[in-house]
Amino acid sequence: MMSSKYELRINILKNRDYESAINQLHEDFMYIREEGLVSREEYIEYAREDLEGANKLIFLDFKCVVENEDSLVWQDLFDDQQGKRWITTTYEAYKDKKVWRAMLNKKDVGKDVEKIP
């Protein structure tokens, strides 16, 4: 049985599977962050730091908001290396069964938040 988009994404994050993360990206992938538009190549470096680098994130919780054939919306709760805790909401659009576009919104939360509401 094939795993859901959400299960695949969370397994990549939990296992820090950088190669699988990159293999899921469509050749025309683009990422929209608060800081601006990120190309596929720039995202690959960004993902490497989050998963493998000295500033890798510490994931605490995950939540699937919605998943269908063309989309996945999910949230994660994590601590960064500066000790700040964040909840992010990510929307992924799929094309040819790969992540074609992604958009991220992040919110600074206090250390008292231990699970995604």
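So, where is Arg16 found? Arg16 sits in the loop between H1 and H2. Before I go on, please keep in mind that this is a predicted model.

Let me stay with Arg16 for a moment. Its phi is near 50 degrees, and that's a positive value in a residue other than glycine. Why point that out? Most residues other than glycine have a negative phi.

You'll find Asp96 in the loop between S5 and S6. How accessible is Asp96, buried or exposed? Asp96 counts as exposed, because its relative accessibility is 59% and the cut-off for exposed is over 50%.

H1 covers residues 5–15, and its buried residues are Lys5, Tyr6, Arg9, Ile10, Ile12 and Leu13. If you look down the axis of H1, those buried residues fall within an arc of 155 degrees, so they line one face of the helix. Now turn to the face pointing away from that buried side: there you get the exposed residues Lys14 and Asn15. And what covers the buried residues of H1? The cover includes two helices, H2 (18–23) and H3 (40–51). It also includes the strands S3 (58–67), S4 (71–79), S5 and S6 (98–109).

S5 brings me to the tryptophan. Trp86 is in S5, which runs over residues 85–95. Trp86 is buried, because its relative accessible area is 14% and buried means under 20%. Which residues does Trp86 touch, leaving aside its neighbours within four places in sequence? One group of contacts is Asp76, Leu77, Phe78 and Asp80, and the other is Lys106, Lys107, Asp108 and Val109. With Asp80 there's also a polar contact between the side chains, at 2.9 Å. On the other hand, take Asp70: Asp70 is 16 residues from Trp86 in sequence, yet their C-alpha atoms are 26 Å apart in space.

Next, the charges. How many salt bridges does the structure hold? The count is 6, and I'll walk you through some of them.

Start with Arg33 and Glu35. They form a salt bridge, with the closest N and O atoms 3.2 Å apart. Arg33 counts as buried at 16% relative accessibility, whereas Glu35 counts as exposed at 56%.

Then there's Asp61 with Lys115, where the closest N and O atoms are 3.5 Å apart. Asp61 lies in strand S3 and Lys115 in the segment after S6, so this pair ties together parts that are 54 residues apart in sequence. Asp61 is buried, with a relative accessible area of 12%, while Lys115 is exposed, at 57%.

Asp79 and Lys111 make another salt bridge, 3.2 Å from N to O. This pair also links distant parts of the chain: Asp79 is in strand S4, Lys111 is in the segment after S6, and they are 32 residues apart. Asp79 is buried, with a relative accessible area of 9%. Lys111 counts as partly exposed, at 44% relative accessibility.

Last stop is the surface. Which residues make the nonpolar surface patch of about 440 Å²? Those are Met30, Ile32, Leu37, Tyr91 and Met103. To pick out one of them, Leu37 is found in strand S2, residues 36–39. Leu37 is exposed, with a relative accessible area of 55%.

Look at H1, with its buried residues lining one face. Look at Trp86, buried in S5, with its side-chain polar contact to Asp80. And look at the segment after S6, where Lys115 pairs with Asp61 of S3 and Lys111 pairs with Asp79 of S4. That's it from me, thanks.

Conventions. Residues are numbered from 1 along each chain as its sequence is written. This is a predicted model: local features need pLDDT of at least 70, side-chain atom pairs count only at pLDDT 80 or more; totals for chains, interfaces and linings use all residues. Side-chain values use heavy atoms; hydrogens and water are left out. Helices (H or I, at least four residues) and strands (E, at least two) are DSSP runs, numbered from the N terminus. Buried means under 20% relative accessible area, exposed over 50%, partly exposed in between (1.4 Å probe, protein chains only). Contact means heavy atoms within 4.5 Å. A polar contact is a pair of N or O atoms within 3.5 Å; within protein, one must be able to donate a hydrogen and the other to accept it, and residues adjacent in sequence count only if both atoms are side-chain atoms. Patches are made of residues with over 30% relative accessible area and no salt bridge: like charges are joined within 9 Å, nonpolar side chains (Val, Leu, Ile, Met, Phe, Trp, Tyr) within 5 Å. Accessible areas come from the Shrake-Rupley method with a 1.4 Å probe; for residues, only the protein chains shown count as cover. A salt bridge is a side-chain nitrogen of Lys or Arg within 4 Å of a carboxyl oxygen of Asp or Glu. The arc is that of the directions from the helix axis to the C-beta atoms.
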